[in-house]
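Subject: Structure handover

Hello,

Please find the structure below, with its sequence. My notes on it come after.

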Amino acid sequence: MRFTALLHHVYQPDTLREAYYGLKREAAPGLDGVTWQDYGGNLEANLQDLSGRLKRGAYRARPTRRAYIDKADGRKRPLGVMALEDKIAQRATVEVLNAIYEVDFLGFSYGFRPGRSPHKALDALYVAQLTRKVNWVLDADICGFFDAIDRNWLVKFIEHRIGDRRVVRLIQKWLNAGVLEEGERIQSEKGTVQGGSISPLLANVYLYYVFDLWVQQWRSTQARGEVVVVRYADDFIVGFQHQEEAERFIEDLRERFAKFGLELHSEKTRLIEFGPWAAENRRRKGQGKPQTFDFLGFTHICGRKRSNGYFTVYRQSMRQRLQAKLAEVKAELRRRMCRPVPEVGHWLATVLTGHYRYYGVPMNAEALGLFRYRLAWLWRRSLSRRSQKGRLPWQRMTRLIDRYLPKPRIYHDYPLRRFGAIT
């Protein structure tokens, strides 16, 4: 069924107001230079004006300001910094469209969906590896996914459910607004800008039709053994019972992606033997330990429980993520070198707590302790450099560590318990 009357839900002042208060208050301004606080100075009048322009079709999307952030592998990730009104209109549109697409999206899709999180995707993957017949894992990577999206196909996918042409034209305005980089406006016929509120939803819609529905059909008609799928945005892991089916799936997937302008990264896409018998099989062939794979910030490793020797999966913090975060802390400590010790200590405590809340999973306590030690070492070096008496004694540093830096804590339960409880 197609929804033919939706725009009036988007331009309602109440919807726009809720979208405004849902934005990050300290986010950088776009090309208009308007901050969250500036817009809120005359909020009701501004929202009424925006509502009227959306209703009349007079709303115009501004170009996106290009910015770059460092990735864990050393590359740069392009992000788009949008004008505040564009953020409000996009967020309001997403709220309306989510009510439609949440009914359609499949269960193994976890990225940027209400009530779902990276840890639920990690739990699902862990439970599948321990309770299903998974002997081979496809660790896949899509080349420049957000820049490779075919807009013509994307609009067709949206029109499959959205019959209100005004909403479709509104989305096309954002897609065609362009990017401003170094004072030059760049237009592209492909891709969607990362950083916009609507980009994750558009990505999910695109992959729902290109990947989710196809893989659901493939594993029910083409596979003899078990096939498990976990997808978070454009990152996905597929587990197989049989190697020959996994190899056939990769070839079929390449053909499927090529039809819609996508391509698997040749160097980062790999099929690895992973599961209860991987270690024994590889030892018999003289191939060494089972390979590992990374997913959502964790390195997944084949292991055995100490208590009973049963197969399990160890999830450890990715080394690249750990090093990248420590580099950020090091740069920030240099900037805060002259600030009072209690102020810096409280800031470091928030950094550690945030790290523990994400990476605090069972069997990852050692990596948490290493991060705390490395962070404390950086803090000691920063304090020593601002002192005229040489290096700070470890006796005093230990007191500062005990006072300000919280000890490692496991925040998440074992997936077999938690995943079973919520599903």
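This is a predicted model: local features need pLDDT of at least 70, side-chain atom pairs count only at pLDDT 80 or more; totals for chains, interfaces and linings use all residues.

Residues are numbered from 1 along each chain as its sequence is written, and side-chain values use heavy atoms, with hydrogens and water left out.

Salt bridges

A salt bridge here is a side-chain nitrogen of Lys or Arg within 4 Å of a carboxyl oxygen of Asp or Glu. The count by this rule is 20. One of them joins Arg17 to Glu44, with the closest N and O atoms 3.0 Å apart. Arg17 is in helix α2 (residues 13-21) and Glu44 in helix α4 (residues 43-56), so this pair ties together parts that are 27 residues apart in sequence. Helices (H or I, at least four residues) and strands (E, at least two) are DSSP runs, numbered from the N terminus.

For accessibility, buried means under 20% relative accessible area, exposed over 50%, and partly exposed in between, with a 1.4 Å probe and protein chains only. Arg17 is partly exposed at 23%, and Glu44 is partly exposed at 38%.

A second salt bridge links Asp212 and Arg231, whose closest N and O atoms are 2.8 Å apart. Asp212 belongs to helix α10 (residues 199-221) and Arg231 to strand β6 (residues 227-232), so the pair ties together parts that are 19 residues apart in sequence. Both Asp212 and Arg231 are buried. Salt bridges with shared partners also join Asp14, Arg17 and Glu44 into one network. Arg336 and Glu332 form a further salt bridge, at 2.7 Å from N to O, and both of these residues are buried.

Surface patches

Patches are made of residues with over 30% relative accessible area and no salt bridge; like charges are joined within 9 Å, and nonpolar side chains (Val, Leu, Ile, Met, Phe, Trp, Tyr) within 5 Å. Accessible areas come from the Shrake-Rupley method with a 1.4 Å probe, and for residues only the protein chains shown count as cover. Leu370, Tyr373, Trp377 and Trp394 make a nonpolar patch of about 420 Å². Helix α15 gives the most to this patch, with 3 residues. Tyr373 is in α15 and is partly exposed, at 49%.

Leu97 sits in helix α5 (residues 84-104) and is buried, at 3%.

His119 is in helix α6 (residues 118-131) and is buried, at 9%. Beyond neighbours within four places in sequence, the contacts of His119 include Phe298, Tyr358 and His412.

Backbone angles

Most residues other than glycine have a negative phi. Phe112, in the loop between α5 and α6, has a positive phi near 55°. Phe112 is partly exposed, at 48%. Met363 also has a positive phi, near 70°. The loop that holds Met363 runs between α14 (341-359) and α15 (365-385), and Met363 is partly exposed, at 34%.

Regards

Conventions: Contact means heavy atoms within 4.5 Å.
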